[in-house]
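Please walk through the fold that follows with attention to its surface patches, its charged pairs and its overall dimensions.

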Amino acid sequence: MKSDRLTHGRQPSPRFANFPFDPSALPFFYGTVVLVCGTLGVLASAPGQTVGVSVFTDFLIEAHALSRSWISFAYLAGTIGSALLISRAGRYYDRFGGRWVSAISAAMLAIVLVGMSFSDVIARAVASVLPGGYRDSVSFFVLMLGFFAMRFFGQGMLTLSSRNMVLEWFEQRRGMALAFIGISIAFGFSATPPFFEWLIQRGGWSWAWQVIATIVGGFSLLAFCFARSRPEEHGMLPDGPFAKEGRKTHAETLSGRQFTLSEARRTYSFWVFTFSVVLSGLLLTAFSFHVVSIFADAGMSRSRAVAIFVPAACVSVVVEFAGSWLSDFVKLKYLAMVQSTGSLMLALGLSFLDAGGSIVFVVVGMGLMQGMFGIISGVTWPRFFGRLHLGAISGFSTSIVVAGTAVGPYLFSVSHDQVGRYQPATLLCAAAAIVLIGLSWRADRPE
């Protein structure tokens, strides 16, 4: 049986790696603590995720006196700007590790949320010293910068570092670790819109963002104290005492080759898996951003729109648990097909949304997408390409996904502004899902 500690060739720990305590001195496998920290880190990114931003959309439209299309375009520009930096920032993860990147990203996100809570005040103050007629332009740029920072530190760096940190501590049990994260996130993110809405109704949208900033700032301190980057830095091994010598745990076993980013980008499977996640993120982001408007067009209330995330989360939990377990035994391309099938169901459900059976398509489709999202974006890269350049490879893929999610809300806005409905955009997404299902058949592990 393999020991959970490195008895020979112990790697030197980076400076402050064991501050305020050394995890190897504890009587249990510290990966479980890292798993909890990583899960909380992804949950703390919710204010920078579309599911968290969407609740504030209508209030920003009113506060800044901008149209829905201009708000969506500011979100698009800010998100694409963050996507351009995430790939390079992924290299900092490889250099400094998940502990430091998570703690700093959370602290910066908290600061940005406080700034966004005063975004209308900042816009008015800047516009007051400029010639007349620049009020809308100033509001647009203030929101664009705010969205850029929220997306970069929230959806980008905090999510990437928190999830990758867990992947470093688990190898043979990676699927089950991701199942824990996914189930927690499914319930956590589904509770985000109602919780944020409750804060807004209690004290206003500005006060709500300040409260959320305090919570995120608290996680930053927790990550600094309890998160740890890699088990090898503390003389430990992935999986610890749960590691099983010589056991093949899944159908795709890495040959030992450690791909560089440039090598990974030249593989067919990298792009198929990346764009499967892109379409899922694009569609889910667009739906979350415009959920109130989409349901209003179908004759349904704001409360029913916000509540749709709860039943979808229940489906997501089942899918996440089953998919995470299966990911240890089956080829990932089959799970990618399930994800694209979910995209297809959600797109068709939104195309013909009413108070009847189409709601089932929306709930099940969104549940399939959310359940598979973390598995495809988490398990794929270390299994296919190794852990040595995990930050660079996952960071580059994440940058593309983030850019794709930026396009979603604007694509839906343009569709609605031009023809008065969202159907052209949703049908386009349905067609893309069909194409990806077909392409996934050949997306095997690169040799």
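V114, F118, V121, I122, V126, V129, L130 and Y134 make a nonpolar surface patch of about 660 Å². Patches are made of residues with over 30% relative accessible area and no salt bridge, where like charges are joined within 9 Å and nonpolar side chains (Val, Leu, Ile, Met, Phe, Trp, Tyr) within 5 Å; the accessible areas come from the Shrake-Rupley method with a 1.4 Å probe, and for residues only the protein chains shown count as cover. The model is predicted, so that local features need pLDDT of at least 70 and side-chain atom pairs count only at pLDDT 80 or more, while totals for chains, interfaces and linings use all residues. Residues are numbered from 1 along each chain as its sequence is written, and side-chain values use heavy atoms, with hydrogens and water left out.

The largest share of the nonpolar patch, three residues, comes from helix 6, where helices (H or I, at least four residues) and strands (E, at least two) are DSSP runs numbered from the N terminus. Y134, by contrast, is placed in the loop between helix 6 and helix 7, and Y134 is partly exposed with a relative accessible area of 43%; buried means under 20% relative accessible area, exposed over 50%, and partly exposed in between (1.4 Å probe, protein chains only).

The charged pairs come next. A search of the whole structure finds four salt bridges, a salt bridge being a side-chain nitrogen of Lys or Arg within 4 Å of a carboxyl oxygen of Asp or Glu. One of them joins R124 to D120, with the closest N and O atoms 3.6 Å apart, and both residues lie in helix 6 (residues 119–128), four residues apart, about one turn of the helix. R124 is partly exposed at a relative accessible area of 41%, whereas D120 is buried at 13%.

Another salt bridge is formed by E168 and R230, whose closest N and O atoms are 3.5 Å apart. This pair links distant parts of the chain, 62 residues apart, with E168 in helix 7 (residues 135–169) and R230 in the loop between helix 9 (205–226) and helix 10 (261–265). E168 counts as buried at 2% relative accessibility, and R230 counts as buried at 16%.

The side chains of K333 and D444 also meet in a salt bridge, at 3.1 Å from N to O. K333 lies in helix 15 (residues 332–351) and D444 in the segment after helix 18 (423–439), so the pair ties together parts that are 111 residues apart in sequence. K333 is buried, with a relative accessible area of 7%, while D444 is partly exposed, with 30%. Salt bridges that share partners join K331, K333 and D444 into one network.

T50, in helix 2 (residues 50–53), is buried with a relative accessible area of 4%; T50 and F289 are 239 residues apart in sequence and 6.1 Å apart in space, C-alpha to C-alpha. A305, found in helix 13 (residues 302–307), is buried with a relative accessible area of 0%, and A305 and V292 are 13 residues apart in sequence and 5.5 Å apart in space, C-alpha to C-alpha.

Most residues other than glycine have a negative phi. A65 has a positive phi of about 55° although it is not a glycine; A65 is placed in the loop between helix 3 (57–64) and helix 4, and counts as exposed at 57% relative accessibility.

Finally, the chain as a whole. Its secondary structure comes to 18 helices and zero strands, and of its 447 residues, 57% count as buried. The C-alpha atoms fill a box of roughly 70 × 50 × 40 Å, taken along the principal axes. With 447 residues, a compact globule would have a radius of gyration near 22 Å, and the protein chain has 22 Å, which agrees; the radius is taken over C-alpha atoms, and the globule rule is 2.2 Å times the number of residues to the power 0.38.
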